[in-house]
Amino acid sequence: MKSNQTENNLPEPTKAELEILQVLWEFGPSTVRFVNDKLNEQREVNYTSTLKQMQILAEKGILKRDESQMKHIYIPVEAEEKTKVQLLDRFVNTLYKGSASQLMMQLLGNEKTSKQEIEEIKRLLDSME
């Protein structure tokens, strides 16, 4: 049975774990309290739930914990861009059989893509030629 692991052998984070990682990537190394406060700006999250998830992330090797101070500081092991690239590759390989063009056609075919976004994509494609 396949496990949900990225190419560097770190486990793939869950949706809730990704929310925590987003806070840490945006604000840098932080305490559980800080992360929990930021998560609560979006939706109600119990402190103990955030603490447990961050402990699990540390056990999985996705976060490291600096215990040199009274308040433990959590730090992401991988950079945001590297994690996103690995997750996107897995997503494209799983749902689109590795075809980036099929993914783009799906994205551009939905009604959420604005004219401005389409223009930005055109400029990007033009610059790639």
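In helix α4, the buried residues are Thr83, Gln86, Leu87 and Val92. Please keep in mind that this is a predicted model.

**Helix α4**

- The buried residues of α4 pack against α1 and against α5, which covers residues 100–109.
- Just after α4 comes Lys97, with a positive phi of about 50°.

**Helix α1**

- Helix α1 runs over residues 15–27; at 1.5 Å a residue, its 13 residues should span 18 Å, which agrees with the 19 Å between its end C-alpha atoms.
- Six names to look for in α1 are Glu17, Ile20, Leu21, Val23, Leu24 and Trp25, which are buried.
- These buried residues pack against the helices α2 (32–40), α3 (47–60) and α4 (80–95), and also against the strands β1 (63–66) and β2 (73–76).
- Gly28 follows α1 and has a positive phi, near 85°.

**Where α1 meets α2**

- The axes of α1 and α2 come within 10 Å and cross at roughly 110°.
- An angle from 65 to 115 degrees counts as roughly perpendicular, and α1 and α2 are therefore roughly perpendicular to each other.
- On the α1 side, the contact is made by Glu19, Ile20, Val23, Leu24 and Phe27; on the α2 side, by Phe34, Val35, Lys38 and Leu39.
- The residues of this contact between α1 and α2 divide into seven nonpolar and two charged, with no polar ones.

Note on methods: Residues numbered from 1 in each chain as written. Predicted model: local features only at pLDDT ≥ 70, side-chain atom pairs only at ≥ 80, totals over all residues. Heavy atoms only, no water. Helix = DSSP H or I, 4+ residues; strand = E, 2+ residues; numbered from the N terminus. Expected span 1.5 Å × (residues − 1). Buried < 20%, exposed > 50% of the residue type's maximum accessible area, 1.4 Å probe, protein only. Contact = heavy atoms within 4.5 Å. Axes fitted to C-alpha atoms, helices over the stretch in contact; angles between N-to-C directions. Parallel < 35°, antiparallel > 145°, perpendicular 65-115°, else oblique. Nonpolar A, V, L, I, M, F, W, Y, C, P; charged D, E, K, R; others polar.
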